[in-house]
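Please open the model in your viewer and keep the selection panel at hand. The stops below can be taken one after another.

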Amino acid sequence: MPQTLSVIKADIGGWVGHSAMHPEVLDLGRERLAQAVQSGLLIDGQAHACGDDMFLVMSHDRGEDNTEVHQYAWDTFTAGTEIAKKLKLYGAGQDLLADAFSGNIRGMGPGSAEVELVERQSEPVIVFMGDKTSSGSFNLPFYKMFADPFNTAGLVIADALHQGFAFEVHDLKNHKKIMFNAPEEIYDLLVFIGSPAHYAIKRVVARSTGEVAAVSSTDKLSLIAGRYVGKDDPTAIVRCQNSFPAVGEVIEPFTTPYIVEGFMRGSHYGPWMPTSVADAHPARFDGPPRVVALGFQLSGGKLVGPRDMFDDPSYNNARQKANDISDFLRLHGPFEPHRLPLDEMEYTTMPAVAAKMANRWSEI
Ligand code: F6R
Ligand code: MG
Ligand code: MG
């Protein structure tokens, strides 16, 4: 019978500022998921934090876009918001953009990634949790995992991967989607996904079997709200081994802390630093952006795990590089390319300053 793995996440209040989640709020998430397992809504569920975001990892047999599961996640975030308000945490309920739940959590603020799967004899999955960055940030690592033979040896030397993968890309501004086949269409694919603020990889499918290999949250808070309310802080689920890349190939892209949008005020470029759960509390200049990898084996839908995959000395160099890159970019202060280009910034004083200065400009 097919199962569904759903990760639904939201920032419902930070402790302190935007740096971390308060343990009382995380405990509430854990208790609510335990109750949902007891009542039979879920097969299994775990709540985790990366920075100031709560990620609900839920396994069930109700399919993607299930109203009860989405409603339960929404109600968990609203209950957590009450605690955040009581503790006067920063930005309590900031990602809950709708007044009341209406059928599906998409478009209401929280991010979601869901995959329906028939559990294989052994089903290793990695759940990635991001903070202080945008949806679209998984474009580069997904490309490396599923289309770059310099990252994924299996694309060249394993029969099951040799047929390649198909990428479902979403145009976030115009609400359209398109499929690309790798390897033969990688140049066309890269024209789009090289611009992650506009185009994001939603799904990756194994061409040999048609099975979904990976999915990411592409919800864009600023496009939903029409203004800056916080960064998207995306999540992704990636299935591993056999006809998918091996665990080591899936986490290999994060040995380089690629530059992503986010950091302070969601308006800067900074390195995406892979850390353990314990180190996922971005503070310096509200960053640098973090990514955590939780490894699970699914067993009849039970989440056997997590293993904290970046809690590994082999990621020390990536963390060191991320700190060096941060130091260097910070030296640019308010100048691009540390600061985002004008039309990408989440905060700006430009309209007000431009209006104030309007009559001081003269022809050159
Ligand atoms: C990043 C983020 C923070 C805030 C910053 C200012 O996603 O949310 O960097 O933008 O701390 O917050 P306010 O404007 O609420 O003081
Ligand atoms: Mg926040
Ligand atoms: Mg956050």
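Predicted model: local features only at pLDDT ≥ 70, side-chain atom pairs only at ≥ 80, totals over all residues.

Residues are numbered from 1 along each chain as its sequence is written, chains are lettered from A and ligands numbered from 1 in the order in which they are written, and side-chain values use heavy atoms, with hydrogens and water left out.

**The two magnesium ions**

Select Asp 52, Asp 53, Asp 131 and Asp 233, which coordinate the magnesium ion (ligand 3) through OD atoms at 2.0 to 2.1 Å. Donors here are N, O and S atoms within 2.8 Å of the metal (3.2 Å for Na, K and Ca), and because water is not among the atoms, sites may look incomplete.

Which protein donors does the magnesium ion (ligand 2) have? They are Asp 11 (OD), His 18 (ND1) and Asp 52 (OD), at 1.9 to 2.2 Å from the ion, and their spacing in sequence is D-x6-H-x33-D.

Asp 11 is buried at 1%, Asp 52 is buried at 2% and Asp 53 is buried at 0%, whereas His 18, at 25%, is partly exposed.

**Two packed helices**

Next, select helix H3 (residues 139-147) and helix H5 (residues 186-193), which pack at an angle of about 165° with their axes 11 Å apart. Helices (H or I, at least four residues) and strands (E, at least two) are DSSP runs, numbered from the N terminus; the axes are lines fitted to C-alpha atoms, for helices over the stretch in contact, and angles run from 0 to 180 degrees between N-to-C directions. H3 and H5 are therefore roughly antiparallel, a term for angles over 145 degrees.

Show the side chains of Asn 139, Tyr 143 and Ala 147 in H3, which meet Ile 186, Leu 189, Leu 190 and Ile 193 in H5; contact means heavy atoms within 4.5 Å. Looking at H3 as a whole, you will find eight of its nine residues buried, among them Pro 141, Phe 142 and Lys 144.

**Loops and backbone details**

Move to Met 264, in the loop between strand S11 (259-262) and strand S12 (268-271). Met 264 is buried, with a relative accessible area of 16%, and, leaving aside neighbours within four places in sequence, it is in contact with Phe 285 and Asp 286.

Most residues other than glycine have a negative phi, and most peptide bonds are trans. With that in mind, select Trp 15 and Val 16, which are joined by a cis peptide bond with omega of about 0°; Val 16 belongs to the loop between strand S1 (3-10) and helix H1 (23-39). A cis peptide bond also joins Glu 336 and Pro 337, with omega of about 10°.

Finish at His 175, which is not a glycine but has a positive phi of about 50°, and which is exposed at 71% relative accessibility.

Technical notes. Parallel < 35°, antiparallel > 145°, perpendicular 65-115°, else oblique. Buried < 20%, exposed > 50% of the residue type's maximum accessible area, 1.4 Å probe, protein only.
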